[in-house]
Amino acid sequence: MPVALDPKLAANMAPGFEPVPLARQLLRTLRAGSLATLAPDGGPFASLTSVATDVDGTPLILISKLAAHTAHLARDPRCSLLLSQSGKGDPLAHPRLTLVARGEQVDRQSEAGGRIRSRFLSRHPKAELYADFPDFSFWRLGIERVSLNGGFARAWEGVAGDILTPVDGAEALTALEASAIEHMNEDHKDAVTLYATRLAGQPAGAWRVSGIDPEGLDLIAGDRTARVLFPSPVRDGGSLRSMLARMAEAARAKDGPPTNQ
């Protein structure tokens, strides 16, 4: 559902700037960010961490007890996460998203713990080598405030509800996510490639589904990522199957072959 912007803020934005879709895109596609925590003396401490998202878009991190930021979060959960899109030229010309949040350690034995582990490893398969070490733990970074900088006259501030995905009523979809991802990646590789190349405009490659939520698909191919939005929200297995079939038909109908690597 579109988010209504404050008219005073919108009046100061560059024409055509749509901050909410851009913020959501950065949240769902960037795989690493700068995590800032509070040291015992109250000073800021920034470090780099791998990032995935929960079904609703809440950032997920996997961190070791040996890292300073883990002790910081255990002592004071207040933190900030910077997600910055890289590219050629001036680094400040590319969009970046700052999330003011509170960290919460995930109970591995809980139902949510299994889901979060699965979603994180789907996004970062190599992390499976150490994810289950006893000194590593998963954390959710509960978003409180959002600050987006997309360049000159492209600044926007919001709250968690502006960029997170509503998941009420989507419990059936969440429950079958892992099996649906496996099915798509094993039995419908051609469709996944079409989603990435024809719908997301990405180069061809070994694309795989890494996440499914009510609003869309997260895709990965090596270090590349893509986000494909559903035309309308899905909440269960039946609506997901129907949506994926329609999207595959739409992708096949688009002109031109998939882009080569």
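Is threonine 29 buried or exposed? Threonine 29 is buried, with a relative accessible area of 9%; buried means under 20% relative accessible area, exposed over 50%, and partly exposed in between (1.4 Å probe, protein chains only).

The model is predicted, so local features need pLDDT of at least 70 and side-chain atom pairs count only at pLDDT 80 or more, while totals for chains, interfaces and linings use all residues. Residues are numbered from 1 along each chain as its sequence is written, and side-chain values use heavy atoms, with hydrogens and water left out.

**Stop 1: helix 2**

Select residues 19-29, which form helix 2 and include threonine 29. Helices (H or I, at least four residues) and strands (E, at least two) are DSSP runs, numbered from the N terminus. Helix 2 is mostly covered, with eight of its 11 residues buried. These are Pro19, Val20, Ala23, Arg24, Leu26, Leu27, Arg28 and Thr29.

Now show the side chain of threonine 29. This side chain reaches the backbone oxygen of glutamine 25 at 2.6 Å. Leaving aside neighbours within four places in sequence, threonine 29 is in contact with Arg123, Thr225, Ala226 and Arg227; contact means heavy atoms within 4.5 Å.

Select arginine 28, also in helix 2. Arginine 28 is buried, with a relative accessible area of 5%. Not counting residues up to four places away in sequence, arginine 28 touches a list of residues including Asp54, Asp56, Arg119, Arg123, Asp213, Asp218 and Arg227.

Leucine 22 lies in helix 2 as well. Leucine 22 is partly exposed, with a relative accessible area of 23%. Leaving aside its neighbours within four places in sequence, leucine 22 is in contact with Phe17, Pro95 and Leu148. Draw a line from leucine 22 to proline 95: the two are 73 residues apart in sequence and 8.4 Å apart in space, C-alpha to C-alpha.

**Stop 2: helix 6 and helix 7**

Select residues 171-187 (helix 6) and 189-199 (helix 7). Two packed helices are described by the angle between their axes and the distance between the axes. Here the angle is about 95° and the axes are 5 Å apart. Axes are lines fitted to C-alpha atoms, for helices over the stretch in contact, and angles run from 0 to 180 degrees between N-to-C directions. Helix 6 and helix 7 are therefore roughly perpendicular to each other (angles under 35 degrees count as roughly parallel, over 145 as roughly antiparallel, 65 to 115 as roughly perpendicular and the rest as oblique).

Show Met184, Asn185, Glu186 and Asp187 in helix 6, which meet Lys189, Ala191, Val192 and Tyr195 in helix 7. The residues of this contact divide into four nonpolar, one polar and three charged. Ala, Val, Leu, Ile, Met, Phe, Trp, Tyr, Cys and Pro count as nonpolar, Asp, Glu, Lys and Arg as charged, and the others, Gly among them, as polar.

The buried residues of helix 7 are Ala191, Val192, Leu194, Tyr195, Ala196, Thr197 and Arg198. Their cover includes helix 6, strand 9 (208-213), strand 10 (216-221), strand 11 (224-229) and helix 8 (237-253). Just after helix 7, select glycine 201, which takes a positive phi of about 70°.

**Stop 3: helix 6 and helix 8**

On the helix 6 side the contact is made by Leu173, Leu176, Ala180 and Met184, and on the helix 8 side by Gly237, Leu240 and Leu244. By class, this contact has six nonpolar, one polar and no charged residues.

Methods:
Polar contact = N/O pair within 3.5 Å; in protein donor to acceptor, adjacent residues only side chain to side chain.
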